[in-house]
Amino acid sequence: MLPAAYRMRRHAEFAATIRAGRRAGRGKLVAHLAIETTEPTQAGVPTGPVRVGFVVPKAVGTAVVRNLVRRRLRHLVRDRLDTLPAGSALVVRAQPGAAAADLGQLGQQLDAALQAVISGQARSRGRRDGRTGPPDRADDRPTDEPTVSS
């Protein structure tokens, strides 16, 4: 079991991590990692424990099955806490079919997802063109001009 200091409990923590963090999906798992930079120490390294949360939707199975998957994920993440940057927030989301995977498969998928989000090979939640704000919709607007087909 994860110590209480490492667990996420509030919706706002989950939402902030998913919104601001990097995302990597591997197999039946998706990992979201947000590296906290708001409270640097004197050396410039973030402080505080790693915060971890788990999302196991109803599509995974019944309540008993979801709790089994959550316990497996907690066990796997507990052994990998020292590989995560200090002060970061991690959300692990199970996909449908995660209940059918054994502990070894989930461990391999979690390792691959964590490696991707830590190394920066994962997708960022921002726009791909580097700009901020909503995407331009000028190309999607209908025009009064007829289209010419050849």
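Student: What makes arginine 51 partly exposed?
Tutor: Keeping in mind that this is a predicted model, arginine 51 has a relative accessible area of 24%; since buried means under 20% and exposed means over 50%, a residue in between is called partly exposed, and arginine 51 is therefore partly exposed. Glutamate 13 also has a relative accessible area of 24%, so it is partly exposed as well.

Student: Why is the pairing of glutamate 13 with arginine 51 called a salt bridge?
Tutor: The closest N and O atoms of glutamate 13 and arginine 51 are 2.5 Å apart, and because the rule asks for a side-chain nitrogen of Lys or Arg within 4 Å of a carboxyl oxygen of Asp or Glu, the pair qualifies as a salt bridge. Glutamate 13 is in helix 1 and arginine 51 in strand 3, 38 residues apart, so that distant parts of the chain are linked.

Student: How many salt bridges does the rule give, and what makes the pair of aspartate 79 and arginine 78 one of them?
Tutor: The count comes to three. For aspartate 79 and arginine 78 the closest N and O atoms are 3.9 Å apart, and since the cut-off is within 4 Å, this pair is counted too. Aspartate 79 is partly exposed at 48% relative accessibility, and arginine 78 is partly exposed at 32%.

Student: Why does arginine 80 count as buried, and what is its salt-bridge partner?
Tutor: Arginine 80 has a relative accessibility of 16%, and because buried means under 20%, the term applies to this residue. Its partner is aspartate 111, with the closest N and O atoms 2.4 Å apart; arginine 80 lies in the loop between helix 2 and strand 4, whereas aspartate 111 lies in helix 3, so the pair ties together parts that are 31 residues apart in sequence. Aspartate 111 itself is partly exposed, at 37% relative accessibility.

Student: Is glutamine 109 buried or partly exposed, and how do you know?
Tutor: Glutamine 109, which lies in helix 3, has a relative accessibility of 18%, and since the limit for buried is under 20%, glutamine 109 counts as buried. Leaving aside neighbours within four places in sequence, glutamine 109 is in contact with Arg26, Gly27, Lys28 and Leu29.

Student: Which residues have the most contacts inside the largest nonpolar core?
Tutor: That core has 27 residues, and those with the most contacts inside it are Val52, Val77, Leu90, Val92 and Ala94. Strand 2, strand 3, helix 2, strand 4 and helix 3 each supply at least two residues of this core, and helix 3 gives the most, with six residues. Valine 52, apart from its neighbours within four places in sequence, is in contact with Leu2, Tyr6, Arg7, Met8, Val77, Leu81 and Leu90.

Definitions and conventions:
Residues numbered from 1 in each chain as written. Predicted model: local features only at pLDDT ≥ 70, side-chain atom pairs only at ≥ 80, totals over all residues. Heavy atoms only, no water. Core = buried A, V, L, I, M, F, W, Y, C linked by side-chain atoms within 4.5 Å. Buried < 20%, exposed > 50% of the residue type's maximum accessible area, 1.4 Å probe, protein only. Helix = DSSP H or I, 4+ residues; strand = E, 2+ residues; numbered from the N terminus. Contact = heavy atoms within 4.5 Å.
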